[in-house]
Amino acid sequence: MTNRKNHHNITPDNKKKMIVVAISIFLLFSLLIIQFFKLQIIDGDIWSEKAQNLHEIVVTEPFQRGTFYSNTSIKKGHPETSQPFVIDVPKFHLYIDPVAIPENHRKDIAEKLFSLVSLPSSQWDEFFRQFTIKSRSRKLTMWIGKDTKENILSWWSPLARKNKIARNAIFFINDYQRSYPFGKLLGQVLHTIRSTKEETTKQALPTGGLEHYFNSQLKGSLGKRTIIRSLRHPIEKSTTIVPPENGADIYLTINHYLQAITEEELAKGVKRAQAAGGWAVLMEPNTGEIWALAQYPFFNPSNYSEYFNDTELINYTYVKSAVDAYEPGSVMKPVTIATALLANKALQSMGKKELFSPDEKIATSSGHFPGRSRPIRDTHLHHFLNMNLAMQKSSNIYMGKLAQRIVDTLGNDWYRSILKDTFALGQETGIELPSESSGLIPRPGKKHPNGTLEWSLSTPYSLAMGYNMQVNSLQLARIYSIFANGGFLVKPTLVRKIVKTSNNGKEEIILNNTTPERRQSFPRVLDADIVEKVVTAMKYVTKPGGTAKRADISGYTEAGKSNTSEKIVNGVYSKEKYIAGFAGFAPADKPRFVLIVTIDEPAHIYIPGLGKNWHGGHSAAPVFQQIARNTLEYLGVSPDDPHGYPTGDPRHDSQKADWVMETKDLQKIYEKWNEQPHITGKSR
Amino acid sequence: MITNKQKDRSGIGIFVRIITCIIFLCLLVYSYIDKQNDVTERRLEIPTISREIRELEGATSKLHYEVERFESPVHLIELSRKPEFGHLKNPYLEDILQLPEGNALQ
C-alpha cells in the first residue's frame, strides 16, 4: 500500500529528472564501456606490453665461442681424447661508479683497489684518473680472477656499509677469457681475439690466423630470456625469447705433440745458426693434412698487444710459411728433373728423340748460357755428371743444361705450363689462413712495371735452379708431396672437421675433410715411374758425397734436397743474407710425412769442423733430421734402415745400411768421370 | 503429501551438500594455491642455482685449463728427458695389439 502511495507521489517533474539521471548514468556507463573497449581491445597490445615491461626485464644469455681441437687420431692405438688448444676461462672486469663514491673517500678506495689488483706502479695515474671522471661506469682493469674478485668484495662490502656508500659503486662484469693451456704453441696459426668486444653485438674481434679466417663459424649469437621484476628476488620465468647459439668447434689437422716437437727443434736450429728466424711445415703427403706449422721467434697470443704495438714484433705474428714467398733455390731441382723426364715422355709421344737419359754423361764444366752476362757456377767444379750425381752435388749447370734442352725442343710455354699446371706454382694452396701469397712464375711476353720482360732469354736457366720464381713453404710442401705420394697433387689443409653442437646436444658436421672422396679428388700429375726416378736421385743427397748428410735420419730412410738461396736486398742478390732450407720426406719408400724447414738469414760465418753456416745442408738439414726422427718415433714407425746409424754406434753396419752400395757405385762413376780420388760433396 | 519433517530433512541434506561442495572447493583452491607457492619458491631458487651452476662450470673450465697446462706437450717432453722416465719410449706400431671392443670383453 505504501509503495503504491509513493508511486502515486512521483510528480512529472521528478519523473523527468529521473529519466535524465538514468540517461546520464547510461551514457556514463557507455563511455566507460567505450573506454574499456579502447583500452582492452584497440590498445590492448600496447598496454599489455607496457605492463609487461614494468614487471619483466629481458636479460641476455651468453654464448660460447667455438674452440680449436688437436688432431689426436694420427697416433694409432691411442685413445682419441679431445685436446683443446684454447679454453674459455671465466674472468671479471672491474668497474667503478665514480659519481657514487664520495670525494673524501676516493683516494683511500683507489689505493686499496690498486693494491688488490696488483697493477704496476706506472699505471697508478691512469688508474686514479678514472675516479675523477664524472661517469656512472669506468673500467679500472680487465681479466681479474675469482680470488681477486672475492678479496675485493670482502674488503668493499663492510667498508661501503660503514661509510654509507652505495654497494654497487664497485661492480664486476663477467666475461670469458680466451686462454691457451699450451702457451705460445701454434700461436701464429691460432692467433687470438681482442680483449675488448664489439660494443653492440658483443662479438669477439679476432686479431688474425684461424680466429680471423673462421670467425663466422666460431662466433655464436646471444640469447634472450625474461625475468620477473621483484624487490628482493628476480623470479625466473623460464621464457626464452631467443636461445643462445654457441659457435662451431674446429677440429684441426695439427697434432699438439708434433707441433711441440717441431717448434722445439726449430727454435734450437735457429739459435744454433744465429739466424733471424725460421719456419717449418710438417704435412701428411696423401691427404694434405698439416700436422705441424711452426715458426720461430714465437708469438704468444696471450700477450698479443705487446706484439701489435711493436713494429718489429708484429712480424712474428704472420704465418711466414703461407705469407712469405721467396726464391726457393735448389729445392726446385727435383722439379727440374721431373720436368725433363716429362719432356722425355712428351717427345716420345711425338715420335721424337728423348731429351736426355738419367745415366747420360753431361758436361758441366762450362756454365755459359744464352742471355746470361755471367756464367752459371757450381760451388765446386764438376766436369761431367749424370742425373743422380747432379742431384747429389746440387749442380746448377746440369739443371741449366736440362732447361736449355727443354726450351729448345718444347718451348718456353710448355716449360711454364708444366710449372704452373703440374706443380701448381704461382697458385695459392687454399690453406685456411688469411693473406696467403700465391707466389710467382714469370709469364713469357709480359713486362715488369720497370719495362723489362718477365721471361727473358736467361729465365729458364734461372727457373731450373729455383730462381726468378717465388714460392711459399706450403706450395713447396705440396710439390714434395707429389714425390712422396706417387704423383698426386694434394690440397694442404689445417682443418679435419667443423662441428656445430646445438643446444639439445645434436652435432652437425659443417665441413668434413676426412672423407675418402676428398682424397680421391686429388689429380695425378706425375706418372709413378717419373716419381720413382726423382726420389731415387733425392736419396743420394743425404748420403756420403751429398750436400746434406746432416739430414740423414739414423735408423730411417729419407729423401730430400737442401737449398741456399741468396736474398734480394735493395734490388740485388745479397752475398751475406741467405735463405737456407731442406725439403724432404721419410721414410723414403713409404713416406709418412713431408717436412719443409726454412732458416731465414743464418749467420754468414764459417764454423771450423762444420763448414759454411749459411748453407742449407749445415743450418736446416740438422733441424730436418731431428724433427723427422722425433716424429717417426712418436708415430711408432719402426726403423726401416736398422743398420743406418753413424759410425761408432753398435747398430752401424756399412754393408747392410740402406743406399750405401748405391752411393758407392755412384761415387765410382763420379771419380771415373772427374778423376777425383775422394768424395768432396761440398757444393750447395 | 510432503510433511514438514520431510521438508526439514531435505533442507539439511541440501545444506550438507553445499557445505561439502564448499569444503571440497576450498581444499582444491588451497591445494592449487599451495602448488603455486611451491612453484614460486622453486622459481625463486632458479637464479641462485643458475649462478651456482655457472660458478661450477667456471671452476671446471679453470681446472680444465690448469690440467691441460700441466699436461702440455712441452712439459711432457721435458719430463720424458728426466732419468726417472728414461725407460719410457714410444711403442712401434707392430708392438701394439688392437683388439676389437667385443672380443676384448669375452
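**Entry 1: the domains.** Domain bounds here come from an automatic or database domain assignment. I am working with a predicted model, so I keep that in mind throughout. For chain A the assignment gives domain 1 as 63–252, and domain 2 as 258–489 + 524–674. I looked up how far apart they sit: their centres, taken over C-alpha atoms, are separated by 47 Å.

**Entry 2: where the domains meet.** I went to the contact between domain 1 and domain 2 of chain A next. On the domain 1 side 22 residues take part, and they are in contact with 27 residues of domain 2. About 2100 Å² is buried between the two domains, and carbon and sulfur atoms give 66% of that area. Which residues of domain 1 lose the most area to domain 2? I found Ile74(A), Lys184(A) and Gln188(A), which together make up 32% of what the domain 1 side buries.

Entry 3: I checked for charged pairs and got a count of 1 salt bridge between domain 1 and domain 2 of chain A. I also looked at Lys184(A) again: its side chain meets that of Glu263(A) in a salt bridge, 3.8 Å from N to O. Among the helices, α7 (187–190) and α8 (209–213) of chain A each supply at least two residues of the domain 1 side that touches domain 2. The most comes from α8(A), with 4 residues. Sorted by class, that side of domain 1 has 9 nonpolar, 10 polar and 3 charged residues.

**Entry 4: Ser70(A).** I picked this one from the loop between β2 (68–69) and β3 (87–96) of chain A. Is Ser70(A) buried or exposed? It counts as buried, because its relative accessibility is 5% and the cut-off for buried is under 20%. Its side chain reaches the backbone oxygen of Ile254(A) at 3.4 Å. Leaving out residues up to four places away in sequence, Ser70(A) touches Gln83(A), Phe85(A), Leu252(A), Ile254(A), Asn255(A) and His256(A).

**Entry 5: Thr287(A).** Another loop residue, this one between β9 (277–283) and β10 (290–296) of chain A. Thr287(A) is buried, with a relative accessible area of 17%. A polar atom of its side chain lies 3.2 Å from the backbone nitrogen of Glu289(A). Further along the sequence, I noted that Thr287(A) touches Lys491(A), Arg518(A), Arg519(A) and Phe522(A).

**Entry 6: salt bridges.** I looked up a few.

- Lys146(A) pairs with Glu150(A), the closest N and O atoms being 3.9 Å apart. The two are separated by about one helical turn, because they are 4 residues apart in helix α6 (residues 146–162) of chain A.
- Asp552(A) forms a salt bridge with Lys543(A), with closest N and O atoms 3.3 Å apart. Asp552(A) is partly exposed at 24% relative accessibility, whereas Lys543(A) is buried at 5%.
- Lys567(A) and Glu601(A) meet through their side chains at 2.9 Å, N to O. Lys567(A) lies in strand β15 (residues 559–569) and Glu601(A) in the loop between β17 (593–600) and β18 (606–607) of chain A, so this pair ties together parts that are 34 residues apart in sequence. Last, I found a network: Arg65(A), Asp88(A), Arg178(A) and Glu211(A) are joined into one by salt bridges that share partners.

Technical notes. Residues numbered from 1 in each chain as written. Chains lettered and ligands numbered in written order. Predicted model: local features only at pLDDT ≥ 70, side-chain atom pairs only at ≥ 80, totals over all residues. Heavy atoms only, no water. Buried < 20%, exposed > 50% of the residue type's maximum accessible area, 1.4 Å probe, protein only. Polar contact = N/O pair within 3.5 Å; in protein donor to acceptor, adjacent residues only side chain to side chain. Contact = heavy atoms within 4.5 Å. Buried area = accessible area lost by both parts, 1.4 Å probe. Salt bridge = Lys/Arg side-chain N within 4 Å of Asp/Glu carboxyl O. Nonpolar A, V, L, I, M, F, W, Y, C, P; charged D, E, K, R; others polar.
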